[in-house]
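Here's a quick briefing to read with the model open beside you. We'll go through a helix, a hairpin and the surroundings of a ligand.

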Amino acid sequence: MNVDQASTTWSNSIKRPLEVFTISIYPGHLSEDAISWPVQATSETKAECIVNVLVEKLQLNRSTGYVLAEVRASGGEEWILDPGECPVQRMMLWPRTALNSSTRKPEKGEKASSVQPDPPEYRFLLREKCTDGSIHYKHSSAWLQEREERRMEERGFLPLRANDADDLCNLPELGEDTILVNLRTRFMRCQIYTYAGSILVAINPFRFLPIYNPRYVQLYAGRRLGELEPHIFAVADAAYHSMLRERSHQCLVITGESGSGKTQSTNFLIHHLTALSQRGYTSGVERTILGAGPVLEAFGNAKTAYNNNSSRFGKFIQVNYWDNGTVRGAVVEKYLLEKSRLVSQEKRERNYHVFYYLLAGMSEDEKAALHLSHPSAYTYLTHKERHGHPNVNGQDTAEMNLGAGDSEELKHDYERLKLAMEMVGFLPETCKQ
Ligand SMILES: Nc1ncnc2c1ncn2[C@@H]1O[C@H](COP(=O)(O)OP(=O)(O)OP(=O)(O)O)[C@@H](O)[C@H]1O
């Protein structure tokens, strides 16, 4: 069987009816009765349909326009969905844990309002559209409160906090001790960003902070660096406006040790850079960059001792703009892939994700169609010790250095990869299901 035959058999053998998901939608202040409402949808149900169902369910004013907003990872940045977009397709790009918590069905006899008392990090919101087409945001955040407190301090209404300079250059004494104490004090108050002149120091919080949503995009738009609390959006904004003002290229360098948050910071920067010119709406460019992420990750990321999803290559991302400041496109160049990982990995580390997607994520039918064999047949994945002896854990999943629950996650990640490949045009429509 040649490759074409194999891929046809593969796509034919995996066609199945569309799966029905229950998505929880958070109506916020639009409904006082429920924190979230479950809505059934397939991968082809459009955002417009879901909005109509909710307007009906919540008996909302039909003369007002409504839209769905998607809140994504680490910080709650929001993207407004076009009416024709399919929320389930976007949801499939979420991590598996987020998917489980957002699609849980209410138990028998359980009220919709009692499902998910705490909104998860990834979710869909129902938003009201104002008559001028802008979106009505209404939520308070602890971080804004923090800013208010700071203003009060500056005006002398509250005592000044010791060891707190939002720019390290303003520390009365500059030394390793004072810098670390200052960064730690701020970090303990969830202020993960601190300036050192025009450099931004970011400390990975390893948890959700609600400081990346559109309120913050708006808050930092057009403000001078240092005018507000340090933030990655402020740096992106300064670069964007310098580009427009000076008509010259701008460059942002992100550096840090493995697991420090470089990839995450890059995503926030791109989010802000595209949001500035797209006014918060999902754009083709944002969708393509978003779709390219899982594909690049599959082939260039691996589990290491420091980071379960470590990028083992360098990335140069170029965002191009038209003269009027709207995004024209983006180019991603990759370099310095850690090639040695293909043939040998340290203990408790893995080869590139894509191999595990194929062997642990694919169904038996798909594996048979692609002539994939048992993991033990692949020396580069079986994590033999340097001298060729099998690792102490023995067979099967341990052979591939997989832990409990990893197989489920890999199945999800494999589906996510297929969807992302389709989004960026690598996969024919027939391989979708
Ligand atoms: N600002 C943030 N808010 C919340 N969580 C974050 C933030 N930055 C990073 N993280 C968490 O830290 C993890 C590691 O971050 P990331 O993958 O960006 O590190 P990295 O520096 O790119 O690592 P590597 O060099 O190994 O690729 C992420 O999966 C995410 O969970």
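Two strands count as paired if DSSP finds at least two bridges between them. The elements themselves are DSSP runs numbered from the N terminus: helices are H or I with at least four residues, and strands are E with at least two. Keep in mind that this is a predicted model, where local features need pLDDT of at least 70, side-chain atom pairs count only at pLDDT 80 or more, and totals for chains, interfaces and linings use all residues. Residue numbers start from 1 along each chain as its sequence is written.

**The β7–β8 hairpin**
- Strands β7 (residues 193-196) and β8 run antiparallel and are joined by 4 bridges.
- Ala196 sits opposite Ile199 of β8.
- The hairpin has 2 residues between its strands, and Gly197 takes a positive phi near 70° there.
- "Buried" here means 20 or more other C-beta atoms within 10 Å of the residue's own; 12 or fewer is exposed, in between is partly exposed, and C-beta atoms are placed from the backbone.

**Helix α2**
- In α2 (residues 47-57), the buried residues are Ala47, Ile50, Val51 and Leu54.
- These residues share one side of α2 because they span an arc of only 100° around the axis, taken from the directions from the helix axis to the C-beta atoms.
- An α-helix has 3.6 residues a turn, so residues three or four places apart point the same way.
- The cover over the buried residues of α2 includes β1 (21-26), β2 (37-41), β3 (65-72), α4 (87-91) and β5 (123-129).

**Around the ligand**
- There are 19 residues around the ligand, and Gly261, Lys262, Thr263, Gln264 and Ser310 come nearest; "near" means a C-beta atom, placed from the backbone, within 6 Å.
- Elements giving two or more residues to this shell are α3 (73-76), α10 (262-278) and β10 (310-311).
- Helix α10 has the largest share, with 3 residues.

**Ser265 in α10**
- Ser265 is part of helix α10, and it counts as buried because it has 20 C-beta neighbours inside 10 Å.
- Leaving out residues up to four places away in sequence, Ser265 touches Ala202, Ile232 and Ile254 (contact means C-beta atoms, placed from the backbone, within 7 Å).
- Ser265 and Ile254 are 11 residues apart along the chain, with their C-alpha atoms separated by 7.9 Å.

Definitions and conventions. Two residues are in contact if their C-beta atoms, placed from the backbone, lie within 7 Å.
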